[in-house]
Amino acid sequence: MMYHAVSAPASLGTRNATAPISASARRVRAVRAAVSEPPPTSPSASPFVPRWNLSRAPLGPGVEPAPGTWVPTDQTIDDWRSIYRNTTLSTTDGNAPRTISSARVTGVIPHELTGTLFRNGPGLLEVYGKKLNQFFDGDGLIYSIAFEAGALTFKHNFVGTKGFTEERAAQKMLYKGAFAIGNPKGDAFYNPFDFDVKNVANTGVVDWAGELYALWEGGKPHKMDPVSLRTEGEADVVLGQALEVPQMAAHYRVIDAADPADKRLVAFSIEAQNSFMQPNRCCFYEWDVDGKQAARQTFGVPDATFGFFHDCLVTENWYMLVQNPTALDPQKLLTEYMFAKCALAQVIAFQDGKSALLHMLPRTEKARAIGQQAIPLANQFFFHHVNAFEPAGCNDASQVVFDSAPWKFMDFGMNLDMVNSKS
């Protein structure tokens with residue numbers, strides 16, 4: 001569903017402030033780009049066929065849905081479940097990058113376009129015969145497309161997390177994801193007090209100053225070699241800055257500037273579980289183009305344990321986080337999770353009628369003169385934001401506008417099992 005709406009500005013009086021701060025939140029139009037299949041390769045093209053060395057047979061192509069239909073067929077559902085099934089399960093592939101034939105490119109790639117595009121996402125939804133029913137639990141697959149003089153080369157590797165490598169060695173599922181139900185090993189023993197989940201490193205990727213990291217907000221980043229895509233291991237230090245808490249958010253912001261010396265990478269960590277009677281620790285990190293620390297600021301965010309902080313926003317004077325209207329559902333925890341009837345993620349429930357909170361965290365002295373703020377927003381769930389800015393003519397950091405794409409609700413029980421050809 002596409003939205004294009006403007007909500008009324010939300011404001012909150014300040015304490016010891018020289019000026020009030022207001023924030024305007026706008027729900028923006030969600031745009032999906034249509035991507036067409038490129039024409040078949042020319043007779044002279046010789047696409048690279050990777051060596052198949054897995055213990056299972058490749059998956060054959062499925063039957064395409066009938067033209068003009070949108071309801072998924074059983075085959076398309078199976079195709080979704082088996083996404084990347086034909087991908088080699090490598091974390092250390094030493095082969096040369098694969099050349100993408102120019103015959104498969106629609107249009108012309110500018111010769112002056114030079115660089116590498118890195119992407120990350122769930123790349124494995126079946127672990128030795130056990131199908132995952134939620135994409136968010138899929139192991140992270142990093143791939144790169146290098147642009148040079150109009151030519152393209154492609155390379156990929158799975159992120160060599162502890163869970164991924166140990167399951168490959170054992171050739172069976174060992175770890176549960178946040179959306180898994182019961183004991184992933186399949187035996188009778190189930191520990192209802194085990195709240196650990198697999199770090200799947202499948203959500204974000206950042207390439208900065210010659211270093212590459214795969215990101216997943218529930219745990220530490222994984223450092224990778226940007227050329228070979230081999231995993232070096234979990235990182236307690238990112239670009240020279242030690243993490244304030246043992247995790248880093250999956251999304252970050254790049255502050256561009258005409259002068260490269262002013263360009264910044266901005267990322268954040270927030271404590272998943274606060275200490276007794278203490279706010280959740282939060283830290284924003286900034287790096288310059290050379291990967292040197294440009295800023296580091298810590299904050300306390302009260303009552304934020306189940307706020308699900310997935311993304312951030314940054315303006316000239318502010319760091320911004322939206323705390324979602326979610327909370328622990330103790331009844332579901334005790335009556336369902338403890339008896340292996342729901343996933344751990346499902347005990348974090350969306351609260352109807354509860355306000356989301358926009359946390360305004362000072363980045364500069366101008367903002368510190370106003371002070372840290374928590375501004376109520378409408379009862380919506382925020383996954384990803386678009387942008388934020390301070391409007392022209394506002395020179396005292398008292399006004400901010402941000403664009404986001406909130407959901408009207410969120411149910412972490414939604415999964416592939418709910419999709420069927422009769423929907």
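A polar contact here is a pair of N or O atoms within 3.5 Å. Keep in mind that this is a predicted model.

Me: Which backbone oxygen does the side chain of Gln-247 reach, and at what distance?
Reply: Gln-247 sits in the loop between β15 (241–242) and β16 (253–255). Leaving aside neighbours within four places in sequence, its contacts include Gly-218, Lys-220 and Ile-270. Glu-217 is another one of those contacts. The side chain of Gln-247 gets to the backbone oxygen of Glu-217, at 3.4 Å.

Me: Is Gln-247 buried or exposed?
Reply: The cut-off for buried is under 20% relative accessible area. Gln-247 has 14%, so the call is buried.

Me: Which strands stand at the edges of the open sheet of four strands?
Reply: The order is β4-β9-β8-β5, paired antiparallel. An edge strand here has a single partner, so one of its sides has no neighbour in the sheet. That picks out β4 (98–100) and β5 (115–122).

Me: What is the bridge partner of Phe-118 in β8?
Reply: β5 and β8 (residues 140–148) run antiparallel, and eight bridges join them. On the β8 side, the partner of Phe-118 is Ser-144.

Technical notes:
Residues are numbered from 1 along each chain as its sequence is written. This is a predicted model: local features need pLDDT of at least 70, side-chain atom pairs count only at pLDDT 80 or more; totals for chains, interfaces and linings use all residues. Side-chain values use heavy atoms; hydrogens and water are left out. Helices (H or I, at least four residues) and strands (E, at least two) are DSSP runs, numbered from the N terminus. Buried means under 20% relative accessible area, exposed over 50%, partly exposed in between (1.4 Å probe, protein chains only). A polar contact is a pair of N or O atoms within 3.5 Å; within protein, one must be able to donate a hydrogen and the other to accept it, and residues adjacent in sequence count only if both atoms are side-chain atoms. Contact means heavy atoms within 4.5 Å. Two strands pair if DSSP finds at least two bridges between them.
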